[in-house]
Amino acid sequence: MPLYDYRCEACGEFAVLRPLAQWRDPAACPDCGASCARYVSGAPAVSALSSAVNRARALNERNAAEPRSSRGGHGMGCGCCQGGKLPSKTRRTADGGKTFAGARPWMISH
């Protein structure tokens, strides 16, 4: 639940923890009990956050428009980094049958 700021004309400002569905509803002043309207004091104090939170926020802002690829700009199936096509494990016998290198001989292939 978010914390909302309210202002009482007689007592001053106070904060109330309320559900999101009640963000427009007035709140009772904890001192005098008067119904008070919500008060928006300004932007949140982002500079008061820890340096780790500020770095994470800056990283999210930088990546919001253009996410960085983990492959350094190479697309899927890039041939320059893989060193060419890997050799197939399928072997042909003299009579035209298939066998697989390193496979178990008792297994039936499909």
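Colleague: Are Tyr 6 and Phe 14 buried or exposed?

Modeller: Tyr 6 and Phe 14 are both buried. Bear in mind that the model is predicted.

Colleague: How many aromatic pairs are there, and how is such a pair read?

Modeller: In general, two aromatic rings are described by how far apart their centres are and by the angle between their planes. Here the count is one aromatic pair. It is formed by Tyr 6 and Phe 14, with ring centres 5.8 Å apart and planes at 20 degrees, so the pair is stacked. The cut-off behind that word is that planes under 30 degrees apart count as stacked.

Colleague: Which residue lies over the face of Tyr 39?

Modeller: Arg 7 does, at 3.6 Å from the ring centre.

Colleague: Which side chain meets that of Arg 7 in a salt bridge?

Modeller: As a general idea, oppositely charged side chains can pair when their charged atoms come close. In this structure the partner of Arg 7 is Glu 13, and the N to O distance is 3.3 Å. A search of the whole structure finds one salt bridge.

Colleague: How do I read the accessibility of Arg 7 and Glu 13?

Modeller: Take each relative accessible area and compare it with the cut-offs: under 20% is buried, over 50% is exposed, and in between is partly exposed. Glu 13 has 54%, so it is exposed. Arg 7 has 35%, so it is partly exposed.

Colleague: How many disulfides does a search of the whole structure find?

Modeller: A disulfide is a covalent bond that links the sulfur atoms of two cysteines. The search here finds zero disulfides. Cys 8 is in none, and the nearest cysteine sulfur to it belongs to Cys 32, at 3.7 Å. Cys 11 is likewise in no disulfide; its nearest cysteine sulfur is that of Cys 32, 3.7 Å away.

Colleague: Are Cys 8 and Cys 11 buried or partly exposed?

Modeller: Cys 8 has 5% relative accessibility, so it counts as buried. Cys 11 has a relative accessible area of 37%, so it is partly exposed.

Colleague: Which residues make the nonpolar surface patch?

Modeller: The patch is made by Met 1, Leu 3 and Leu 17, and its area is about 370 Å². Leu 3 has 58% relative accessibility, so it counts as exposed.

Colleague: Where in the secondary structure does Leu 3 lie?

Modeller: Leu 3 lies in strand β1, which covers residues 3-8.

How values were computed: Residues are numbered from 1 along each chain as its sequence is written. This is a predicted model: local features need pLDDT of at least 70, side-chain atom pairs count only at pLDDT 80 or more; totals for chains, interfaces and linings use all residues. Side-chain values use heavy atoms; hydrogens and water are left out. Patches are made of residues with over 30% relative accessible area and no salt bridge: like charges are joined within 9 Å, nonpolar side chains (Val, Leu, Ile, Met, Phe, Trp, Tyr) within 5 Å. Accessible areas come from the Shrake-Rupley method with a 1.4 Å probe; for residues, only the protein chains shown count as cover. A salt bridge is a side-chain nitrogen of Lys or Arg within 4 Å of a carboxyl oxygen of Asp or Glu. Helices (H or I, at least four residues) and strands (E, at least two) are DSSP runs, numbered from the N terminus. Buried means under 20% relative accessible area, exposed over 50%, partly exposed in between (1.4 Å probe, protein chains only). Rings of Phe, Tyr and Trp (its six-membered ring) pair if their centres lie within 6.5 Å; planes under 30 degrees apart count as stacked, over 60 as edge-to-face and the rest as tilted. A charge sits over a ring if NZ of Lys or CZ of Arg is within 6 Å of the ring centre and within 35 degrees of the ring normal. A disulfide is a pair of cysteine sulfur atoms within 2.5 Å.
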